[in-house]
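Hi everyone, thanks for making time for this.

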Amino acid sequence: MVAFVVALLAALAGASQAGAFIYWADTQNDRIGRADNDGRNADPDFIQTGDLPFAVAVDGGHVYWANRLDGTIGRAAIDGSGVDNEFIAGIAEPSGVAVNANSIFWSASGGLALAGAIGRAKLDGTNREPGFITEPLNPCGVAVDSGHVYWADPTGGEPAYIGRAGLGGGAKEPLFATIDEAFPCGVAVNTGGIYWADFGAGGKGTTIGRANPANPASPDESFIAGATGACGVTVHGTQLYWANYGSGTIGRANTDSSMPDQGFVSVGGKPCGVAVDDLASPSPSPPADPSPPSPPQPPASPTSPSPASPTSPPEAAAQIDPPPTTTITKGPGKGLAAGRARFRFRADEAGARFACRLDRRTPAPCKSPQRYGGLKPGRHTFEVWAIDPAGNKARKPARRSFHVPAKQR
């Protein structure tokens with residue numbers, strides 16, 4: 001009888017831990033990885049996703065992720081089965097995803113037009129509201145608590161912001177917290193703080209920032225230092241987790257910033273997005289000092305990021321990660337007399353995407369070859385920009401002008 005009770009207790013303990021996992025989005029290999037939330041048993045190929053998964057969220061029944069280049073939100077059962085990479089489609093570059101008991105929320109950067117938004121739908125994907133909140137310019141990450149929706153908004157330059165609104169979309173505060181020197185991509189929130197991951201110019205950010213929701217005007221932009229392209233953050237109980245895009249690891253620390261471990265889980269690839277489920281949690285790391293933590297102070301160690309120079313954001317990005325160069329390799333082709341043109345182009349960086357425009361139209365995502373038909377007689381100009389995986393846009397487009405002849409009568 002004793003042996004039976006011991007075995008039963010062991011089985012119940014195992015069941016309570018069965019769903020205790022960390023999840024991450026691997027942008028390089030188009031997959032969601034998973035590990036026990038004590039950092040062991042990493043499975044980098046847990047779910048195969050669409051193109052460029054940029055964020056991940058989880059609830060008791062499902063895993064959700066944002067396929068940035070496909071413009072979709074994907075979903076699978078909590079065990080990785082039933083993968084649907086087009087659970088919600090038609091989103092302009094989704095960059096974040098969050099869930100609560102009733103809804104799924106996503107951030108959409110809006111592409112080159114910087115016409116960002118926070119979208120919302122029911123958990124089953126119905127009642128979609130792509131323009132639920134339209135104040136963000138270029139949101140990169142979304143979080144939700146019992147009263148508000150939060151988003152990180154790099155805005156395409158400095159300063160950046162953390163915005164928020166009520167759960168119903170009202171009481172909008174797009175400039176809720178101002179971040180002077182950062183490119184926030186990922187946001188998390190609990191009762192004690194708002195946290196963001198600083199991806200930095202070209203993915204060179206090194207910090208996790210924090211603001212007090214009751215006093216957002218005095219953020220601590222270097223709350224945790226030593227990250228490598230921090231891209232995505234989540235808070236779970238007394239611990240923070242973040243994705244290190246540069247080193248291919250998941251970092252972890254206590255929410256008072258003590259006991260940081262930049263290599264808590266080695267995941268490989270280029271992670272951008274992290275989530276932890278609520279079914280079980282490992283014991284928190286012991287705080288460095290058992291006394292109540294003092295208010296967070298910027299670290300003074302040599303590992304602290306040096307102050308940014310007064311260089312403008314595009315120039316600063318170029319110093320760290322030069323923007324790509326675009327080349328038109330062929331075009332406009334032999335169909336001009338029929339009002340047709342076709343262009344081929346490439347970038348000098350692998351994995352780049354493109355935006356094209358003809359004449360004075362609004363730039364739009366495109367792929368090589370880009371075709372146009374029904375062109376009117378006269379002069380036209382084709383332009384194409386490359387955008388590298390870190391989001392750096394070519395300073396100048398590749399441009400080619402051409403002439404469509406008048407039709408012969």
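Alanine 171 is exposed, because its relative accessible area is 62%, and the cut-off for exposed is over 50%. There is something else to notice here: alanine 171 has a positive phi of about 50 degrees, although it is not a glycine.

Before we go on, a word about what you are looking at. This is a predicted model. The pLDDT of the protein chain averages 84, and 82% of the residues score at least 70. Over residues 1-18, though, the pLDDT is below 50, and this stretch has three contacts in the model beyond near neighbours in sequence. Residues 280-320 also stay under 50 in pLDDT, and there the model has 53 contacts beyond four places in sequence. Please keep those two stretches in mind as you turn the model around.

Now the overall picture. The protein chain has 409 residues, and 50% of them are buried. Two helices and 31 strands make up the list of elements for the chain. If we take the contacts with a separation of 6 or more, 45% of them are between residues 24 or more positions apart. The accessible surface comes to about 18700 Å², and carbon and sulfur atoms account for 52% of that.

Let's go back to strand 14, where alanine 160 is found. With 0% relative accessibility, alanine 160 counts as buried. What does alanine 160 touch, leaving aside its neighbours within four places in sequence? The answer is Asp153, Pro154, Ala177, Thr178, Ile179, Ala182 and Pro184. One of these, alanine 177, is 17 residues away in sequence, with a C-alpha to C-alpha distance of 8.6 Å.

While we are on backbone angles, have a look at leucine 52 too. Leucine 52 sits in the loop between strand 3, residues 43-48, and strand 4. This leucine is not a glycine either, and it has a positive phi of about 60 degrees. Is leucine 52 buried or exposed? Leucine 52 is buried, because its relative accessibility is 13% and the cut-off for buried is under 20%.

Next, a pocket. The second largest pocket has a volume of about 840 Å³. Its lining is made of 42 residues, and those nearest its centre are Ala98, Val99, Val144, Thr234 and Val235. Which strands each supply at least two residues of that lining? They are strand 4 (53-58), strand 8 (94-99), strand 12 (142-144), strand 16 (184-190), strand 20 (230-236) and strand 24 (271-276). By class, the lining has 24 nonpolar, 14 polar and four charged residues.

Asparagine 254 belongs to strand 22, residues 249-254, and is buried at 5% relative accessibility.

The one from glycine 331 to proline 332 is cis, with omega near 10 degrees. Proline 332 lies in the loop between strand 25 (326-330) and strand 26 (341-347). The bond from serine 368 to proline 369 is cis as well, with omega near 0 degrees. You will find proline 369 in the loop between strand 28 (364-366) and strand 29.

Strand 29 covers residues 370-372 and includes glutamine 370. Glutamine 370 counts as buried, at 18% relative accessibility. Beyond four places in sequence, its contacts are Ala341, Arg342, Phe343, Phe345, Cys356 and Phe382.

My last stop is alanine 386, in strand 30, residues 378-387. Where in space is alanine 347 relative to alanine 386? The two are 39 residues apart in sequence, yet 6.0 Å apart from C-alpha to C-alpha. Alanine 386 is buried, at 0% relative accessibility. Not counting residues up to four places away, alanine 386 touches several residues, including Pro324, Thr326, Ala347 and Phe354.

Methods
Residues are numbered from 1 along each chain as its sequence is written. This is a predicted model: local features need pLDDT of at least 70, side-chain atom pairs count only at pLDDT 80 or more; totals for chains, interfaces and linings use all residues. Side-chain values use heavy atoms; hydrogens and water are left out. pLDDT is the predictor's confidence in each residue, from 0 to 100. Contact means heavy atoms within 4.5 Å. Helices (H or I, at least four residues) and strands (E, at least two) are DSSP runs, numbered from the N terminus. Buried means under 20% relative accessible area, exposed over 50%, partly exposed in between (1.4 Å probe, protein chains only). On a 1 Å grid over the protein atoms alone, a cavity is a set of points where a 1.4 Å probe fits but cannot get out, and a pocket is an open set with protein on both sides within 12 Å along at least five of seven lines; lining residues have an atom within 4 Å of a point. Grid points are joined across faces, edges and corners, and a volume is the space filled by probe spheres set on the points. Ala, Val, Leu, Ile, Met, Phe, Trp, Tyr, Cys and Pro count as nonpolar, Asp, Glu, Lys and Arg as charged, and the others, Gly among them, as polar. Accessible areas come from the Shrake-Rupley method with a 1.4 Å probe; for residues, only the protein chains shown count as cover.
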